[in-house]
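Keep the structure open while you read.

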Amino acid sequence: MPNTVISGFTHNFLGKAPVWYKQVILLFLVANPIVMWTLGPGTAGWLLIAEFIFTLAMALKCYPLLPGGLLAVEALLIGLTTPDAVYLEVLTNFPVILLLMFMVAGIYFMKELLLVTFTQILVGVRSKSALSLLFCSAAALLSAFLDALTVTAVIISVAVGFYAVYHKVASGKGYQHKDHNAGSDDEVIELHREDLENFRAFLRSLLMHGAIGTALGGVATMVGEPQNLLIAKVVGWDFAGFFLHMAPVSLPVLAAGLFTCWALEKLRWFGYGGRLPKPVRQVLEEFAENERTKRTKADQAALWVQAFAAAILVVGLAFHLAEVGLIGLLVIILITSFTGVTDEHQIGKAFQESLPFTSLLVVFFAVVAVIHEQHLFKPIIDYVLSLPEARQPGMFFIANGVLSMISDNVFVATVYISEVKQALDAGAISYEHFQKLAVAINTGTNLPSVATPNGQAAFLFLLTSAIAPLVRLSYGKMVVMAFPYMLVMGGVGLYMVINHI
């Protein structure tokens, strides 16, 4: 514990982040003004981008909002951008902020319906290959209309619940037992240890298939990922227009991704193929049946309300009846009104998942404002646009894909679509070609980014969730298991971008 006030400040700065990480961030904060005054705003701007990408890549050490926010504030103080420029970026991208604020919270109130759906899939399908395909395709379908983070959260909830149930039984307790530590194997009976390890392998593969599914579906529609809506607004596409422009790439990639899912389960490569042991299945089926019989008429009515709200959501998005975020707010009002959720604190929980990332997105926009004010990406964009038109979409796909593997794909997409829009406004490219580049940017940031947890918010969410340590899903394990998907999705996506858009 700190002995002095000074040591208390040191201890409190960035909380539980490693000491070396705190020192690096302090070094950044000290170096930026010096570089600004000695080497100029251009060099300082590039240094800021590198520092910001570092905070995104090190998201497991500290949530990027804090160090990234400090860097953004310093950029304002030393004159790399202005508050008015940041406000203009936020205002331009306000529909994306609305999406994160209300759509994610709206889907939170559909969790019971989604939990019932995934539970029925898990206990109702005996073939592991068919089960994996169903998990992957269900996650893809839901992510096309809902939010990838929430779909991932539901899959995690199902996995945590079933893992805890069997862990209790494996420890010689009933699954109704309340006081149990599922994170410790000390009480696990020797006879059940092998089944528990196999169950972990089974859940690991399902979780990864589900997370990949959110990427497969998320690329296809304007609400699938936050950057999709941003790109759609800049280009001027509605829900149907976005889907149709992405379809030449997204649909072949979906087919290739689902085939990869099936092949990995059959071949049992890269950590896939774990089967559900029979004793575990018996326990889970008994538990699911017990939960079903406990469901009251009020619970059943709530599920019907959630299903009705989901139908309104799909119709509202498909016909673009209102701004996406406002449709999310409608979902919140309908479900809470007709399911008896009337307490302010209950409603407030729905916003806990979305608002930290919404705040981080505003920091993204501050860094984008620096890029625009200092024209940092103009030489890169000019070089790519100097290439033959036929080569440009492929180059944008590769550039976005590589950067999205180490950084956050929302940030990468925000930068590139903004720069290309400036080229359009300057008359350097036609609107038709601008649309092709937008397809390349969207697919480039969504598909290769599955390579690491840094690129996709849903992957990072899975890695930092309660289930990851329980099923032994580490950063390295996720990279290995995502590798075949990255090759297939990135390869097919690049081929389609080059030849068919």
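**A loop, its helix, and the domains beyond**

Arg268 sits in the loop that joins H12 to helix H13 (278–294). The model is a predicted one. The phi of Arg268 is near 60°, a positive value in a residue other than glycine. Most residues other than glycine have a negative phi. Phe270 belongs to the loop between H12 and H13 as well. Phe270 is not a glycine either, yet its phi is positive, at about 55°. Is Phe270 buried, partly exposed or exposed? Phe270 has a relative accessible area of 34%, so it counts as partly exposed.

Trp262 is at 38%, so it is partly exposed. Their rings pair: the centres are 5.9 Å apart and the planes stand at 35°, so the pair is tilted. The angle falls in the tilted class because planes under 30 degrees apart count as stacked and those over 60 as edge-to-face.

The aromatic theme continues elsewhere. How many aromatic pairs does the count give? The count comes to 16 aromatic pairs. Trp20 and Tyr21 form one that is edge-to-face, with 6.0 Å centre to centre and 80° between the planes. Trp20 has 41% relative accessibility, so it counts as partly exposed. Tyr21 has a relative accessible area of 0% and is therefore buried. Ring pairs carry on from here, linking Trp20, Tyr21, Phe28 and Phe54 into a cluster.

Now look at Asn32. Where does it sit? Asn32 is in helix H2, residues 19–39. Its relative accessible area is 2%, so Asn32 is buried. The cut-off for buried is under 20%. Which residues does Asn32 touch, leaving aside neighbours within four places in sequence? Its contacts are Ala44, Leu47, Leu48, Glu51, Leu71, Glu74 and Ile78.

Next comes the division of the chain. Domain 1 covers 3–76 and domain 2 covers 81–498. The C-alpha centres of domain 1 and domain 2 are 29 Å apart. Domain 1 brings 20 residues to the contact, and domain 2 brings 28 residues. About 1,900 Å² is buried between domain 1 and domain 2. Carbon and sulfur atoms give 83% of that area. Which three residues supply more than any other three of the area that domain 1 buries against domain 2? They are Phe52, Leu60 and Leu76, and they supply 26% of it.

Move on to a helix pair. Helix H5 takes residues 83–92, and helix H6 takes residues 94–108. H5 and H6 pack at an angle of about 65°, with their axes 4 Å apart. Which residues meet there? Val90, Leu91 and Thr92 in H5 meet Phe94, Pro95 and Ile97 in H6. By class, the contact of H5 with H6 has five nonpolar residues, one polar residue and no charged residues.

End at Ile156. Ile156 lies in helix H9, residues 148–170. Its relative accessible area is 8%, so Ile156 is buried. What does Ile156 contact, leaving aside neighbours within four places in sequence? The partners are Leu207, Phe461, Leu462, Ser465 and Ile467. Ile156 and Gln346 are 190 residues apart along the chain. Their C-alpha atoms are separated by 21 Å.

Conventions
Residues are numbered from 1 along each chain as its sequence is written. This is a predicted model: local features need pLDDT of at least 70, side-chain atom pairs count only at pLDDT 80 or more; totals for chains, interfaces and linings use all residues. Side-chain values use heavy atoms; hydrogens and water are left out. Rings of Phe, Tyr and Trp (its six-membered ring) pair if their centres lie within 6.5 Å; planes under 30 degrees apart count as stacked, over 60 as edge-to-face and the rest as tilted. Buried means under 20% relative accessible area, exposed over 50%, partly exposed in between (1.4 Å probe, protein chains only). Axes are lines fitted to C-alpha atoms, for helices over the stretch in contact, and angles run from 0 to 180 degrees between N-to-C directions. Helices (H or I, at least four residues) and strands (E, at least two) are DSSP runs, numbered from the N terminus. Contact means heavy atoms within 4.5 Å. Ala, Val, Leu, Ile, Met, Phe, Trp, Tyr, Cys and Pro count as nonpolar, Asp, Glu, Lys and Arg as charged, and the others, Gly among them, as polar. Domain bounds come from an automatic or database domain assignment. Buried area is the accessible area (1.4 Å probe) that two parts lose on being put together, summed over both.
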